[in-house]
Amino acid sequence: MPSDNKIEASVSEPPAPRAADKILDVARDLFYREGIRAIGVDEIVRRAGVTKPSLYRSFPSKDELAASYLRKYDLEFWERFDEAVDAHPGDPRAQIIAFLTRVGKRTQKPDYRGCGMTNAAVEYPERGHPARVVSENNKVELRRRLRAMAAAMGAADSDTLGDGLLLLIEGAYISGQLFGVGGPAAAVARNADLLIEASLKK
């Protein structure tokens with residue numbers, strides 16, 4: 001009969017990650033750092049320590065693996081966005097500034113590669129591609145939310161303000177990759193606040 005200590009050890013050990021989870025984690029890291037098209041499935045299965053058949057059992061194609069990576073990215077994006085919203089209930093201006101302050105800080109990290117959604121949209125210009133569809137849906141929803149938040153602030157032209165904020169965000173994603181530490185993306189929250197202030201003036 002096993003000892004109590006052995007029983008406790010077996011209960012406390014976390015379950016080994018499933019092959020699909022390992023594949024997705026490796027793909028996420030490689031796709032974000034190197035680009036989706038630049039990485040083949042052979043590299044993914046080698047780094048994940050699984051077989052190619054195990055990849056295709058979970059993901060019917062590389063395109064579907066890319067879409068799965070972006071769906072996970074999308075969930076994490078909205079978690080970060082909602083954290084900023086929840087931290088400033090009823091104050092959309094503070095919500096946007098809080099979100100963009102964090103974006104600005106991330107752009108200053110040496111390994112920053114911008115927004116995975118934006119990068120995927122550039123890599124896949126063809127409409128209807130699974131990866132592009134996820135990216136487009138994310139951006140459409142972000143635009144909708146920014147316009148709604150601009151309206152809640154009382155902007156006379158809320159659609160223009162919302163779109164201006166979206167352009168600032170996308171500019172931060174790209175310039176963060178171009179300039180790195182010390183680049184203009186670090187000031188995205190400050191520039192957003194100036195834009196909001198100018199848009200709310202009577």
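Reply: Start with Arg-18 and Asp-21. Their side chains meet in a salt bridge, with 3.4 Å from N to O. This is a predicted model, so the distance is computed from predicted coordinates. Arg-18 counts as exposed, because its relative accessibility is 54% and the cut-off for exposed is over 50%. Asp-21 has a relative accessible area of 33%, so Asp-21 is partly exposed.

Next, take Glu-43 and Arg-47. Their side chains form a salt bridge at 2.7 Å, N to O. Both residues belong to helix α3, which spans residues 41-48. They are four residues apart, about one turn of the helix. That spacing has a simple geometric reading. An α-helix has 3.6 residues a turn, so residues three or four places apart point the same way. Glu-43 is partly exposed, at 23% relative accessible area. Arg-47 is partly exposed too, at 46%.

Now look at helix α8, residues 130-153. Here Glu-136 and Arg-132 meet in a salt bridge, again given as N to O, at 2.7 Å. Both lie in α8, four residues apart, about one turn of the helix. Arg-132 has 13%, which is under the 20% cut-off, so Arg-132 is buried.

Asp-82, Glu-141, Arg-144 and Arg-145 are linked in a network of salt bridges.

Helix α10 is the next stop. It runs over residues 188-200, 13 residues in total. From its first C-alpha to its last it reaches 18 Å, close to the 18 Å expected at 1.5 Å a residue. Which residues of α10 are buried? They are Val-188, Ala-189, Ala-192 and Ile-196. These residues cover an arc of only 95° around the axis, so they fall on the same side of α10. Arg-190 and Ala-198 are exposed on the other side of the helix. The cover over the buried residues of α10 includes α6, α8 and α9.

Follow α9 next. This helix covers residues 158-179, and Phe-179 is found in it. Phe-179 counts as exposed, because its relative accessibility is 54%. Together with Ile-174 and Leu-178, Phe-179 forms a nonpolar patch on the surface. The three residues have about 340 Å² of accessible area together.

Finish with Gly-114. This glycine is found in the loop between α6 (92-106) and α7 (116-123). Is Gly-114 buried or exposed? Gly-114 is buried, because its relative accessible area is 3%. What is it in contact with, leaving aside neighbours within four places in sequence? The contacts are Tyr-32, Tyr-73, Asn-119, Tyr-173 and Gln-177. Another pairing to check is Gly-114 with Arg-33. These two are 81 residues apart along the chain, yet their C-alpha atoms are separated by 9.6 Å.

Terms used:
Residues numbered from 1 in each chain as written. Predicted model: local features only at pLDDT ≥ 70, side-chain atom pairs only at ≥ 80, totals over all residues. Heavy atoms only, no water. Patch = residues over 30% accessible without salt bridge, like charges linked within 9 Å, V, L, I, M, F, W, Y side chains within 5 Å. Areas by Shrake-Rupley, 256 points an atom, 1.4 Å probe, with all protein chains shown as cover. Salt bridge = Lys/Arg side-chain N within 4 Å of Asp/Glu carboxyl O. Helix = DSSP H or I, 4+ residues; strand = E, 2+ residues; numbered from the N terminus. Buried < 20%, exposed > 50% of the residue type's maximum accessible area, 1.4 Å probe, protein only. Contact = heavy atoms within 4.5 Å. Expected span 1.5 Å × (residues − 1). Arc of directions from axis to C-beta.
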